[in-house]
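Please keep the sequence and the structure in view while reading.

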Amino acid sequence: MTSSAEQKNSDSAVRVADGARADGGPAGTDGPADGTRGDDARRGERGSGGVLWGGGMPRWLPQAMVLFLVLVGLFQLADWAFRQLIDLFVMLLVAFFLSLALEPAVDRMAARGVRRGVGTFLVFVAVGVAVLGFLAALGTLLVDQVAKIAEDLPHLVDNLMGWINRTFHQNLSLGQLQKKLLKDSGTIENYAQQAADNVWGVSSTVIGGLFQAFTVGLFTFYFTAEGPRVRRTVCSVLPPAKQGEVLRAWEIALAKTGGYLYSRALLAVVSAAGHWVMFALLDLPYSVALAIWVGVMSQFVPTIGTYLAGALPVLVALTVEPVDALWVLVFVVVYQQVENYLLHPRITARTVDVHPAVAFGAVIAGAALLGAVGALIAIPAAATLQGFVGTYVRRYEVATDPRIDRGEQRRARRELRREAARRLRRMVGGDGE
């Protein structure tokens with residue numbers, strides 16, 4: 001028992017001596033008498049968070065966790081609010097581009113002394129009359145064609161069954177077709193029931209579309225009538241050094257969007273007039289409505305507008321005379337080439353010119369971002385961006401390099417030879433005189 005106690009006392013003395021040597025003090029002492037050594041040791045053992053290592057979490061960690069949770073909550077709230085207001089933002093964007101397209105006409109009227117509100121109302125009335133006239137003409141055409149097709153449906157069905165019997169060696173008859181329809185009447189009733197159930201959904205969609213159109217029209221009227229005030233309000237929150245840049249960008253967007261709309265409207269008028277002449281020569285029914293359809297759809301519906309424009313007159317011509325449908329198709333294709341290479345460059349040279357590849361890419365990007373609305377405003381937005389880049393991006397002259405201008409030197413030599421030949425012919429002609 002005595003030996004074990006002595007061993008414990010010896011181990012304690014060794015540990016005390018080792019601690020004293022580590023502190024730089026003499027063995028057998030616990031440090032300075034004033035206790036400063038113990039404070040330094042305790043401070044050295046503390047972590048950066050103000051607590052002893054292993055003694056608990058740092059004091060800043062709860063505050064950081066709370067701040068992180070608050071930031072995550074604010075982000076979630078902002079994301080939810082943006083998703084709820086995305087339709088409003090899209091309507092504001094459409095209204096802004098429509099106001100850019102209408103404002104030049106309102107500015108001209110205001111320069112002649114007409115108040116901006118009255119001028120905007122008159123422009124809205126003119127656009128509304130044009131749209132309603134187009135829809136009325138198209139609706140009359142569709143109703144008449146549907147009625148004609150319903151009247152000729154038995155004859156068309158007989159012709160179709162006769163063609164099937166001759167081509168595929170069948171023996172179909174109208175009675176067999178009627179029995180088949182009566183046999184599947186349950187399926188038809190199910191389709192009818194589903195359609196009846198979806199009436200409320202369709203009605204709500206129509207009402208929602210009308211409300212969105214009214215909202216876009218209201219904001220468009222405000223942006224157009226109060227254009228100077230809107231620009232002044234936007235510039236009032238910017239420093240003077242930035243106000244000029246914003247106004248310059250706004251002016252570029254105004255010029256490019258208005259130029260795009262007016263160039264398309266002029267091309268639509270020319271296209272409608274040309275197609276009306278052709279349809280009148282072929283004696284197609286509703287030639288005026290068909291011509292307006294072709295002019296509007298081919299110019300204001302991007303990418304697929306030309307195909308939609310030509311499909312309807314071809315189908316109408318098929319109900320009259322199949323040969324006329326072929327003539328209509330040929331004329332639509334030929335006119336499209338004339339417009340692309342002759343009319344379009346001359347008209348857009350004074351308004352806005354967007355490369356076809358840029359326009360196609362802009363339409364795809366706009367449709368991917370905002371659907372049909374994005375496809376409609378994609379080309380004016382691309383024209384605005386192109387004008388903005390052309391204004392602010394500095395360009396440098398490129399040195400002549402065969403790796404860039406491949407074939408240009410050969411073409412220049414051919415032009416020189418042709419010019420020399422023309423001069424020689426003039427000299428010979430002068431001598432002969």
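Helix α8 spans residues 227-236, and within this helix G227, V230, R231 and C235 are buried. The structure is a predicted model, and every value given below was computed from it.

**Helix α8**

- Viewed down the axis of α8, the buried residues fall within an arc of 130°, so they line one face of the helix.
- The face of α8 turned away from the buried side carries R229, R232 and S236, which are exposed.

**Nonpolar cores**

- The largest nonpolar core has 21 residues, and those that touch the most other members are F279, L284, L290, W293, L312 and V328.
- Two or more residues of this core come from each of α4 (116-168), α9 (240-281), α10 (287-300), α11 (305-320) and α12 (322-348).
- Of the contributing elements, α10 gives the most to this core, with 6 residues.
- When residues up to four places away in sequence are not counted, V328 touches F279, L282, L284, P313, V314 and A317.
- There is also a second, separate core of 13 residues, which includes F97, W250, L254 and I377.

**The largest pocket**

- The volume of the largest pocket is about 2100 Å³.
- Its lining is made up of 49 residues, and L98, V127, V131, L261 and F300 are those that lie nearest the centre of the pocket.
- At least two lining residues are supplied by each of α3 (60-111), α4, α7 (199-225), α9, α10 and α14 (372-392), and the largest share, 10 residues, comes from α4.
- Sorted by class, the lining of the largest pocket has 41 nonpolar, 7 polar and 1 charged residues.

**The cavity**

- Counting cavities of 30 Å³ or more, the structure holds 1, and the largest cavity has a volume of about 50 Å³.
- The largest cavity is lined by S271, H275, V294, S298, Q299, T306, A309, G310, V332, Y335, Q336 and E339.
- While α9, α10, α11 and α12 each supply at least two residues of this lining, α12 gives the most to it, with 4 residues.
- By class, the lining of the largest cavity has 4 nonpolar, 7 polar and 1 charged residues.

**Two individual residues**

- Y260 has its place in helix α9, and because its relative accessible area is 12%, which is under the 20% cut-off, Y260 counts as buried.
- Although Y260 and T384 are 124 residues apart in sequence, they are 9.8 Å apart in space, taken from C-alpha to C-alpha.
- D324 lies in helix α12, and its relative accessibility of 13% is likewise under 20%, so D324 counts as buried.
- Leaving out residues up to four places away in sequence, D324 touches L282 and A317, and both L282 and A317 are also among the residues that V328 touches.

Definitions and conventions: Residues are numbered from 1 along each chain as its sequence is written. This is a predicted model: local features need pLDDT of at least 70, side-chain atom pairs count only at pLDDT 80 or more; totals for chains, interfaces and linings use all residues. Side-chain values use heavy atoms; hydrogens and water are left out. A nonpolar core is a set of buried Ala, Val, Leu, Ile, Met, Phe, Trp, Tyr and Cys residues joined through side-chain atoms within 4.5 Å. Buried means under 20% relative accessible area, exposed over 50%, partly exposed in between (1.4 Å probe, protein chains only). Contact means heavy atoms within 4.5 Å. The arc is that of the directions from the helix axis to the C-beta atoms. On a 1 Å grid over the protein atoms alone, a cavity is a set of points where a 1.4 Å probe fits but cannot get out, and a pocket is an open set with protein on both sides within 12 Å along at least five of seven lines; lining residues have an atom within 4 Å of a point. Grid points are joined across faces, edges and corners, and a volume is the space filled by probe spheres set on the points. Ala, Val, Leu, Ile, Met, Phe, Trp, Tyr, Cys and Pro count as nonpolar, Asp, Glu, Lys and Arg as charged, and the others, Gly among them, as polar.
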